[in-house]
Amino acid sequence: MAIPEAEARVLRSQSDIVRLFDEGPFAVFDFLSENGLIASEMLCDKCMPLDAPPGEGELQEMKKVVRDGEIRWRCYGTARHERTIRHHAEFFTWQGETSVDGRNNFNRMSIEQLLILTWCWSYDLTIKAAAVSAKCSVKAAETQYSQCRRVCFAALDDWEACPEAGLMGGEGHLVQIDECSVKARRKRAANGRGRLGPGDQQEAHRGNADEQAAVADDAALAQEEAANAENSDSSYAEEAADANNDAAEGWVFGICWWRSQQDKVRGIPNETRFFAVRDRTAATLLDLIQNHIAPSSQIWSDCWRSYVRIAQLPEQYIHLTINQSEHFTDPVSGVNTNAIEAAWSRLQHKIVRTKRRVGKALRYHLAELWWKSLQRVPITGGNQHKTKTDPRIFMNFLNLISRTYPL
């Protein structure tokens with residue numbers, strides 16, 4: 001009689017993490033290695049002589065030993081040195097400043113603390129609450145939260161390791177797009193004096209479709225002239241771009257993949273992506289549309305002039321617009337941008353209101369919102385429009401780590 005295979009262990013709460021470490025270091029090692037977070041075996045790269053010719057000599061396999069309640073790698077060859085099990089695990093040593101034994105020099109937190117902080121980040125606990133749960137400093141918790149966001153940002157750019165970061169939409173699918181300002185707005189004094197913040201210097205009205213088309217034609221000519229001037233002095237443009245590479249973005253471009261009712265019943269949530277941009281020109285927004293929206297998708301947007309040429313792109317998008325100065329939902333075609341507008345409300349609450357000093361880290365916060373939008377499941381037996389966090393979100397993130405940072 002065949003022996004049934006043991007089911008993979010699933011951690012759903014902080015108590016599960018604590019119980020895992022209470023079972024002993026070998027249980028921790030098996031769980032981390034099975035989920036691809038640490039290496040299951042280690043070779044000593046110090047036993048081979050530096051002056052050994054290519055093809056000669058071999059790496060010595062390191063053995064597992066228990067020291068101070070945790071498993072470490074021990075070399076019994078010439079070098080006879082030790083490494084922690086987190087060695088070569090980029091997620092646990094992401095600072096880049098590691099000691100010889102592979103320990104993170106920045107905070108020297110245990111793996112248990114790092115996993116608890118990662119769990120807290122998955123469920124949107126505050127940094128102070130996470131620091132209390134992991135029994136660490138607020139600065140250490142903030143650093144681990146930042147690392148979790150960097151995993152999402154790296155996954156968004158790696159389509160091979162993260163297939164869910166591929167093209168959105170497709171033939172017969174609906175995608176809504178919009179842009180939003182995240183610049184600070186300064187209130188003016190009662191007498192009308194005072195400086196205006198960058199967020200106050202915006203266009204008051206976007207006009208109708210005809211007016212925007214005329215403006216877009218003028219903008220296209222201006223862009224062609226700018227492109228010719230840029231080609232004539234490309235080296236200067238590259239230096240200027242490099243110098244401004246770290247400038248903080250003040251606009252966010254959003255794409256929402258609106259799922260059908262059948263998809264929602266099957267547990268497929270709406271996917272929302274945000275991108276930090278420095279301007280709302282057609283060159284910037286159309287490039288993001290082509291890179292992240294599949295051909296033949298149906299795109300709904302407002303009448304912003306940068307969107308006028310969407311239907312002319314080679315991807316053959318079906319572009320429908322809504323003039324929000326007249327209606328929020330077109331009474332005839334039903335076109336609206338309600339889904340992406342709702343996403344702006346969540347973004348404003350999570351970033352603009354509670355994290356005013358994100359600055360250059362804005363792109364990482366936006367990547368976090370993208371990945372967590374995929375971790376929503378409909379509430380069974382109720383309204384399919386209402387969703388909740390996937391109970392396996394922590395395990396899903398550990399799987400994302402193993403795919404983004406392969407050993």
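Predicted model: local features only at pLDDT ≥ 70, side-chain atom pairs only at ≥ 80, totals over all residues.
1. Helices (H or I, at least four residues) and strands (E, at least two) are DSSP runs, numbered from the N terminus.

2. Who makes this contact? From H4 come Ile-127, Ala-130 and Ala-131; from H5 come Val-138, Ala-141, Glu-142 and Tyr-145. Contact means heavy atoms within 4.5 Å. The residues divide into 6 nonpolar, no polar and 1 charged. Here Ala, Val, Leu, Ile, Met, Phe, Trp, Tyr, Cys and Pro count as nonpolar, Asp, Glu, Lys and Arg as charged, and the others, Gly among them, as polar.

3. Now the whole protein. The protein has 12 helices and 12 strands. Of its 407 residues, 42% count as buried. Buried means under 20% relative accessible area, exposed over 50%, and partly exposed in between (1.4 Å probe, protein chains only). Take the contacts with a separation of 6 or more: residues 24 or more positions apart account for 60% of them.

4. Next, the cores. A nonpolar core is a set of buried Ala, Val, Leu, Ile, Met, Phe, Trp, Tyr and Cys residues joined through side-chain atoms within 4.5 Å. The largest has 77 residues, and Phe-92, Leu-115, Ile-177, Phe-253, Ile-289 and Phe-397 have the most contacts inside it. Apart from it lies another core, of 14 residues, including Phe-274 and Leu-369.

5. Look at Arg-83. Arg-83 sits in strand E5 (residues 82–84). Its relative accessibility is 5%, so Arg-83 counts as buried. Its side chain makes a polar contact with the side chain of His-87, at 3.3 Å. A polar contact is a pair of N or O atoms within 3.5 Å; within protein, one must be able to donate a hydrogen and the other to accept it, and residues adjacent in sequence count only if both atoms are side-chain atoms.

6. Compare Asn-291. Asn-291 belongs to helix H9 (residues 282–292). Asn-291 counts as partly exposed because its relative accessibility is 37%. Not counting residues up to four places away in sequence, Asn-291 touches Trp-159 and Leu-167.

7. A note on reading. Residues are numbered from 1 along each chain as its sequence is written. Local features need pLDDT of at least 70, side-chain atom pairs count only at pLDDT 80 or more, totals for chains, interfaces and linings use all residues, and side-chain values use heavy atoms, with hydrogens and water left out.
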